[in-house]
Each structure stands twice: as C-alpha cells, then as structure tokens.
Amino acid sequence: MSTTTVAHHDEHHDHPTGIMRWLTTTNHKDIGTMYLTFSLVMFLVGGSMILGIRAELFKPGLQLMNPEFFNQLIGVHALIMIFAALMPAATGFANWMLPLQIGAPDMALPRLNNWGFWILPPSAILLTLPFTLALFGVGDGALATGWTFYPPLSVQGGIGVDFAIFAVHLLGISSVLGSINIIVTIYNMRAPGMTLMKMPMFAWGWLITAFLLIATIPVLAGAVTMLLTDRHFGTHFFDAAGGGDPIMFQHLFWFFGHPEVYILLLPVWGFIPQILQTFSRKPMYGYKAQVYSLWAIGALAVVVWAHHFFTAGMPVPALLYFMYSTMAISLPLAVLFYCWIRTMWKGSMSFETPMLFTVGWIILFGIGGLTGLVLADVAADAQYHNSYFVVAHFHYTLFAGGIMGIMAGVYYWLPKMTGHMYNEKLGKLHFWLTAISFNVTFIPQFFVGLAGMPRRIPDYALQFAEFNMISTVGAFVLGLSQLLFVYIIISCVKGGQKATDRVWEGAQGLEWTLSSPPPYHSFTEQPVVK
Amino acid sequence: MQGMKKLGVGAVGLFLSLSARADFTWNFPEPVTPMALDTLHVHNKFMLITAVIFVAVLAIMIYSIVTHRQSKGYKPVADKAPSTAVEIFWTLIPFAILLLIDFVIMGIPAYHSVVMMEDTRDQSTMVIKITGSQWRWQYEYLDGDAKGIKFVSNLATTNGQMHNEEDKGEHYLLEVDNPLVLPVGEKVRILMTASDVLHNWWVPQFGSSRVAVPGFIRETWVQVEKAGVYRGQCKELCGKGHGYMPVVVNAVSKEEFAQWANKKQDEQKAASDVKEMTKDALMVQGKVVYEKNCAVCHQVTGAGLPPAFPALTGSKIATGAIFGSDGKYQKDSHLDRVLNGKGVMPAWKATLNDTEIAAVITYERNALGNTAAVDAIVQPAQVKAARE
C-alpha cells in the first residue's frame, strides 16, 4: 500500500465544507485542529491577563488596578492557562496524532469527541464573563481567590466564584470525555501487530494521563460542588462553626491538583522522546524503562498531594510521609532524564526548531524538577511556601516543561498537519526569544522568593523593586514573542514550501507514512506493524 | 556594538546596585532563630547538591550537542542491547545513588528539622495567641510578665504612599502601629487561629510560617536569639487586603520586655476605665479608629465599595436609631453591627475596647456626610452595658 493511494481515497468521501464542516465534524483531525486553535486563543487571553499583573508589579505602589482586580486576574490567569490552554493543547495533539500513530482510521468515539470539544467554549465564556458583567455593574467580577478556591475566602467571594465553579465542572466533564475516548481508542483501535509495548511513547503518556484524569477530576468536581452548597445551601463542609474543616478542602483539591501537574506533563513526556529520536537519527533509548517510569510517576502522583500545604498543620508522621513520598518521584523522573539524554548521546543531531525547543525544554524543565525536589523538604518549605520561589518553580515546570514542550510538538507536526513547511528562521528566532525572556522573567523570582516576597500581593516592599522590574520586562518580551508564534503558524497554514510525507529525515512512526497533510480519512486500509 | 556595550554596562551597574542594597539578600535572610538557622542549612545543602547534579548533567548534554551533530558528520551509533546482568547493574547503581541523596544525605537532616519544627512545648516559657483577621493581626499574651496584654497590629503605611502621592518610607508596607514584642532567648509557644479566612503568619528570619485556620488552633514556636526588629507578611491569599497585612516583631532583652509589659498593662487598664467623654473627644479618637480599621473597606470618605462593602454616608444603619425605648441597643442597629458584625463585616467586640467603639460610632454618625438626628453620641458606658 503506497501513501499516494491513501491520499486519493480522500476525494471519494463527502463531508460538509465551510463553517458546517467545523460545527458538525466528528473527524479526529478537524476536532484536533479546533482544540489546538482554542488552546492558542486561550493561551493569548491568559497571557494578556498576566501582562496586566506584571505591569502593575513593574514598580512599588498601586498604578493600574485595585487589589480586588489584581486578585481576579491571578486566579483566572491560572485557571485559563491550566484548563483552557495546556489541557486542550494536549487533547488536540491526542486527537490529531493518536489515530495516525497507532494506525486507526479515527478516534473510537467520534460523537463523544465532538461533545468533548464543544463544552469548552461555553466554559471559557463562563470563566471570563464575570469581568464583563462587572463592567456593567453586575456582580463584583471574577473569582478573587486564586485558582485554588480555598475556603473560607471562596465562601465569602462574589458571583464570580459560582461562575468559576460551573466552568470547572464543564472543563472537567470535557476532560473526562476526552480521556474515555483516548483509553477506548488505544485499547481497541491499534493496528494489527502493534502490541502495547510497541506503541508510540506519546500513546503511553496519554494513556496514563487519561487514567489520572478519570481518577481525579471527579474529586475536584465533588470538592467544588461541596463549596457551592456551602455558599448557597447552608452546608458546613468547610466551616468550623458547623463542624466542618477548611483544610479538608485543601486535601480534596490537591488530591486532584497534584496529579493535575502530571496530567499536564505526561503527554509532553510522551512526544519529547519521539522528537529526540527524530533529530538524533537514532531510536529512543530505554523505551521500556520510560514506560515503567511513566507508570511509576502516575502512581506516585496520587499519593503526595499534601505537600502543597505543609504549613497548614499536620501530624509529624504525615509530614514525614508526604515529604519522603514526594522525594521518591525524583527516582523515576531521573530515569526519564537519563533516557532522554542517552537518546541524544552519540546521535547525529541537527537543530531544527522542534529540536531546539526540546533541548531547551530538557534544561529548563530540569531546573523546575530540581527546585521541586527541595520544595519537598518540610522545614525549608515553610520558607518557600507561597513565596515567589514557588511561582518561579512551577513556571519552570508548567511553562518550560509544559508550554515549551507543546511548542516543540507544534513545530514538529505542523508540516504534517498543514502540508507546508513553517519558516525555519522565524521558528528559531521564536525559540531564542522565548527561552531567553522566560529566564529573564523567572530567575529574578527565585531570588525575591528566597528573600521573602510572598506571592499574590499587588504591591511589595522596596527591596524587591529591581528584580520585579527585570521580571516585568522579561514577561513583556516573552508575551510579545508569542505573537511571532501565531504569525508563524498562520503563514504555515496559508502556504509555504510543500512538506514531504516524512518531513524530517529521521522521523519514525506511522504518521509519517501518510501524505502531508494526511487525507481526510486516515488509514482507509489498516497498516500492519511487524 | 555601541548599543551592546551600553547594555552590558547597564546590566553590571544594575547588579552592583542590587548587591549594594543592605536589606536584600540573595538567599534566605539572616536567620535569628534555631529553626531558621536549621532551615537555611538544609536549604543550602539541597541547593548545592541539586546545583552539582544540574551542572554535571548539563555539561554532558552540552558536550554531546557540540560533538555529536550531523553538521560535523557524526554518524549515529546503534545502542547495543546490554546483557541482563549489566542492565541490572546500571539500573541499581544510579538508583542507589539517588536513594542515598534523597533519603540519607537530604532525608536525615530534613527529618531532624521537621521534628524540631513541630516540637512546640519542650522548654517553652511563654505562650502567645495570634489571631489573623481581615486584614490585621491580633496578639494576646496568655501567661508570664505580659499576661493579659492584648492588642491589634495594623499596617502603618499611609494610603498616600501606596497610591504614589507621597514618598515611600524605608519600611514601605512592612511597618505596623503595634509590633509584637518578644523577649530575646525565650522559647515562645505560639497558638495560631483566624477569625474569618485563612491567613499565614510569616517572618522570613524566623523560618516559621503557619496557616491560621478559623475555628482551629495551630501551633508553632519561635526563639529569637538576637535583639532587633523583624518584618514579614501574611502569606496566604486572604482577600483584597492580603498585601497589606505585615508582621513586625520587636525582639528585646528580658528586662526591656518586662518594662514594656508593665507599661502596656497600665495603659490597657487606664483605657478600660470607662469615662464620660465629650463629643469632640469622641470625634477626635473616632477618626483615628475609623481610618485605621474601617477605611480599608468603607473608604476614608465613607463611600464604601459596593456591593460587598456598603457606603456609610447616608446609610440607615449609621443614621437610624441605636437604642430602643428601654435604653437597650436594638438588633441590626449601628452598635450591634460594630460589636457583632454580619457577613463580611467582622465583629469588633474582641478587637476594640469600649472607648474605641463608642468613639468610632460617634464619628461615623457625625462625619462622612452624616448628621444623625437620633442617638448622635454613644458613650463608652453604653458600649460596656451592651457587652453584658
């Protein structure tokens, strides 16, 4: 079976065109494109919010906004980036690439897939609507509690908290639907001969992510529902005056919230080795070791949640347990790092944009991981907790480790998706601007954190002024560089040099056996894996 | 090139100015308690180990990136499958090293720090209670020389400084009207709670940080070993005033502490003596109390921040009757609201004394655009009676 015959099949299938194609589609590639587009739009929305915050923090004193509005921006920025930018980006890749990588004609449950996507735009509107309503004098704006919804503050909050609770419910439903679809697709739709241990690493990363989502999203949904009834129906789950406990919310929230970190990262850990092997022109090292490590990390992810609130008060044995179990995550993670670097070692490397992002990703995510290890120490955590040190740490894991990883994936697969090569020069420029300005933004935050600047404050003591100024300059360069990213993607979609089927010299995997772009219905004849 | 040079000089200048700042440190600020010292040691050790790991791994990566590249004609080698014995060996060795680092080199000191941090009672000679409220700290001395002393600690930075209308002082946002005073060298057990939402009492130089949970008592301790003024902030997002809730601790010698305690106890006794006051005296004191405690939500002008914080100007509560025909205060009256609070409005009966409450109510009824027709003046004695 040659790839050209597959491409020709395309013309025999009718499907709606124009706007109806996108509104009604159940095609995995169209839905994948919509997820990725949605994610990019929300990434820009969440990014502009944080630029407002960095502008306010440029110098001491209140310049642009009052503290209430500042608090709304930080909470909504985080919710958007996590639920509406990073998660849909990973789901978008899953929709686009999983069927191609495992040799399936489509996702297993196409209508569910359609629903999974169309829940997202309303929930994004729910998240941002309170801002707009406040402009017309309705309510007091979006939730001002940070993305964590900690009661009693969230019980005290205005209508924005209710909006956010419903938005989180919808986003959660969407993720669970997507997860079910991915699990069913991976278990049932693999090409003949593709055993689980022959699956592409991306499929493994997503499979474990999907299980984590199904295990933890309902806990989050339960916690925010309890919050909702505390707010409006007189229950006292989180109110000591009625026999409840505010800290119980933190346990429930982080039982979801900690695995969530890995939910954001595991899909990336799936395709990073694939990019590495492509540009090192050598098979990935330690496939089995990586698979087992992913499982180990997935399992450890659900047993370490309380390290997010060490200072909230816990018995000594509990503190010790959560400290040591958190440190244990460094073992499988070290195995992954070893395999990634060993894949590069003695390869024949070239440094196109996806590889640049991947190598930068390994280094910066390494900083995020190592600073996470020290955070596990209970005594030192008393100092780090809720300081800017933590802000810097989780941006090294979630921006460098998450978003820059996603960007590597975008550049890697963009020619496959669009059929055109992107502008390599601009891609490289985008990488260097992003990597440098990212560090300019967040390295100073490590230092102000150590020196004692708490996070989530709209104004700060004078000793932190210079570093905040540097951080703000970095953030604006980082934000504006992403407009270049948008431009590169749009011009690549519009045209450019034709991409070959294999695109990259060293690319391995079934997706590269199809034409670029792949036909509307991929794999009308099932490939066989030997 | 000229531009680059300028940029370089600018950057160097910036870093020199940073290191010249006396109050900025590149690491944890100077520790002054055993716990902070221990924390700093653990932190430095961790940082050193992780930095060594990072640099070593980065060096290997960079070597590979420089050497093993296609543009240099490097041909990829096929990774040969190792024998099982070799594979097990190379799995166990790094595993053992990591176990050693995580659970022995880092783990054992971390264990001792935790045990020390949580031991609040051994050899502690004094107990204080700290209550976090939106957005101030309340301190109460439960025993010893200072037993019975109770006061509220508010941000002392002016509104003008925050809105860039005045020059900012040296301790901008880190200054209070009533600092907590502690004797040097004594282990002080701290009981922590909150009256509304979660707060976190944090002084970086003490190495202690503990969440104040409404309805629960948490414990921590400090033993300041060097006299001085130590500054920190609330560290748990607690609403709009979160950034304006500083902690200032004045650590003094035992003798000075005893003197301070005597003086404060006398002052407190004098303040609790209920005297008949003139309207002018009430207004003067009321303005001070209002601007310190109430203006953060209801604004200096009384305009409020609707809908969460209603305007006082022209409000029914601030102009309507307080006392019924029987002379007792009515439910939902001005006095009731200030004493007991409602919704997001905190109860002030534990925070302010009779004179302060009487003064602030009188002020609110006769200033801020209000001229109350009934019950225009409230006397401390009436507040005292209302408490009973």
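Helix α16 of chain A is followed by A:Gly419, whose phi is positive, near 85°. Helices here are DSSP runs of H or I with at least four residues, strands are E runs of at least two, and both are numbered from the N terminus. Before going on, a word on conventions: residues count from 1 along each chain as its sequence is written, while chains are lettered from A and ligands numbered from 1 in the order in which they are written. The model is predicted, so local features need pLDDT of at least 70 and side-chain atom pairs count only at pLDDT 80 or more, whereas totals for chains, interfaces and linings use all residues; side-chain values use heavy atoms, with hydrogens and water left out.

Back to α16(A), which spans residues 388–418 and has a kink of about 40° at A:Tyr412, shortly before the proline A:Pro415. The bend is the angle between axes fitted to the seven residues ending at a residue and the seven starting there. Of the 31 residues in this helix, 30 are buried. Buried stands for under 20% relative accessible area, exposed for over 50%, and partly exposed for what lies in between (1.4 Å probe, protein chains only).

## Where the chains meet

Contact (heavy atoms within 4.5 Å) involves 85 residues of chain B and 90 residues of chain A. Together the two chains bury about 7,700 Å², with 69% of it on carbon and sulfur atoms; this is the accessible area (1.4 Å probe) lost on putting the two parts together, summed over both. In chain B, the residues losing the most area to chain A are B:Phe24, B:Met61 and B:Leu237, together 8% of what that side buries.

The polar side of the interface comes to 25 residue pairs in polar contact, both residues at pLDDT 80 or more. Such a contact is a pair of N or O atoms within 3.5 Å; within protein, one must be able to donate a hydrogen and the other to accept it, and residues adjacent in sequence count only if both atoms are side-chain atoms. Several elements of chain B supply at least two residues each to the side touching chain A, among them α1 (2–20), α3 (84–105) and β9 (228–234). The most comes from α2(B), with 14 residues.

## Two loop residues at the boundary

B:Lys168 sits in the loop between α5 (159–162) and β4 (180–183) of chain B and is partly exposed at 24% relative accessible area. Leaving aside residues up to four places away in sequence, B:Lys168 touches A:Pro60, A:Gly61, A:Leu462 and B:Gln161. A polar atom of the B:Lys168 side chain lies 3.0 Å from the backbone oxygen of B:Gln161, and a polar contact of 2.5 Å joins the side chains of B:Lys168 and B:Asn164.

On the chain A side, A:Thr145 lies in the loop between α6 (120–135) and α7 (153–156). A:Thr145 is buried, with 5% relative accessibility, and its contacts include B:Leu237.

## Salt bridges

A salt bridge puts a side-chain nitrogen of Lys or Arg within 4 Å of a carboxyl oxygen of Asp or Glu.

B:Glu219 and B:Arg121 meet at 2.8 Å, N to O. B:Arg121 is exposed, at 53% relative accessible area, and salt bridges that share partners join B:Arg121, B:Arg189 and B:Glu219 into one network.
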